[in-house]
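Hi there,

Here is the structure I promised to pass on. Have a look at it first, and then read my notes below.

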Amino acid sequence: MPHNPDHRLAFLARHLAPTPQDADALIDLSNVVRNSRVGPRHGRSLDRLRQVVDALARRTSDREVRVYAVADRSLRHGVHEYPGPDEPWLLADWIAQGLVEEADDADEPLLALADVTGLPVVSNDDFKDFRLVHPWIQGNTGQFLGMRPGPDRAVVLHERDMGVRSAADISRKLEESDLKAHGLLKGSKRLLMTEIVKRSWRCPERGCTLYDTRRGTAVRLPYVRRDVPLCELHRTPLVDDGPRTAVSQLKLLVDDACVHRFTLDAGTTVVLGRAPGEGGITLYGLLPDPLLRRVSRRHVLATVDEDGLRLRNLSGYGTRLLRHGAKSWSALSDETPAPFRVNDVAELTAGVTLTRSARRYPAEIAAAWQRSARQVPEGPARAATRRH
Ligand SMILES: [Zn+2]
């Protein structure tokens, strides 16, 4: 490296996810870096991102927590506002490596991603101009994490109440003519795509199962032409097959660092353990030997339904549960499946824990959607993806 930035900042790269697939949160990077109420006393500072990552690591109980960051193109300029030239250089390097997404206006891709993935957004922005196109922001109390100064101006994250902004509050930027003027029309296409991503589709042609979610394991994003989702094989408009069922994602942690993520479809019941048997999630190969020996063959039962994710203990060793915000652990019931929410922690044995990520839809769908939103569609194949 030609420069030598603060090594604690260079170390941040390991927490920057190249795609939202394995991220635990979305970062409004310009808003974080420029938040002069917290962290160092500079107009812009990457140390604020470091502090946000630290706070997220505590919040998710995962010291390897990963974030997907989106920055305004202007962020790496204004070099004089940073503590030194190394920081904008480091930022440019992350962008070049694909660890930070850069956009003319980061808010638009950020909010569309939040809508599609369900991941929390770290930002102090009110997103007033986006409330008509993203009505889910109105009154939202769960998906936005704000920053406020704690002791020594350290970043403290808190769940924000986004409140409801009246139409008069919302700027006229949203009128169609203004949308065009602001180059956000591509953004409105992207919004249409988020609606398409959130629903299942079916081809009306006889025997065509290309998009059938009940057959096979393919997760395929429809080919969209003039705002109409089409079968990429038959070029026939697809039939709306109802809302796409959300998935749940479990994270396996060893010594408080995520080592694996499992995606559980709605309607599934699955056993986790050292050797859970057919259809189960085996932890063999994921845990070091001494830890594996302290995990039962069938340790925990996970159930996903419309009410969310529930866990029940199956192990003679027991499983402990730490509710988000609670001070002490409780025993996970052997009889009644207990709700398992984002930021709760289940401990199978000392050093082996499960947490839940906030992600809502299959990762492949979000990734394919993101690729399609970035490009002018050239052909249907680009929009297709396959679950592995
Ligand atoms: Zn078809």
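How many aromatic pairs does the count come to? The rule is that rings of Phe, Tyr and Trp (its six-membered ring) pair if their centres lie within 6.5 Å, with planes under 30 degrees apart called stacked, over 60 edge-to-face and the rest tilted. By this rule, the count is two aromatic pairs.

Before going on, a word on the source: this is a predicted model, where local features need pLDDT of at least 70 and side-chain atom pairs count only at pLDDT 80 or more, while totals for chains, interfaces and linings use all residues. Residues are numbered from 1 along each chain as its sequence is written, and side-chain values use heavy atoms, leaving out hydrogens and water.

Back to the rings. Phe127 and Phe144 have ring centres 5.8 Å apart and planes at 45°, so this pair is tilted. The pair links distant parts of the chain, 17 residues apart: Phe127 is in the loop between β4 (121-122) and β5 (144-149), and Phe144 is in strand β5. (Helices, H or I of at least four residues, and strands, E of at least two, are DSSP runs numbered from the N terminus.) Phe127 is buried at 1% relative accessible area, and Phe144 is buried too, at 0%. Buried means under 20% relative accessible area, exposed over 50% and partly exposed in between, with a 1.4 Å probe and protein chains only.

The rings of Trp136 and Phe144 also have centres 5.8 Å apart, but their planes are at 15°, so that pair is stacked. Together, Phe127, Trp136 and Phe144 make one aromatic cluster.

Now the sheet. It is open, has six strands in the order β3-β2-β1-β4-β5-β6, and its pairing is mixed; two strands pair if DSSP finds at least two bridges between them. At the edges are β3 (100-103) and β6 (155-159), each pairing on one side only. Strand β1 (residues 25-28) runs parallel to β4, joined to it by two bridges, and Leu26 stands opposite Val121 in β4.

Finally, look at helix α3. Its 14 residues reach 20 Å from first C-alpha to last, close to the expected 20 Å (1.5 Å times one less than the number of residues). The helix is mostly covered, with twelve of its 14 residues buried, among them Asp47, Leu49 and Val53. Just after α3, Ser61 takes a positive phi of about 55°.

Enjoy exploring!
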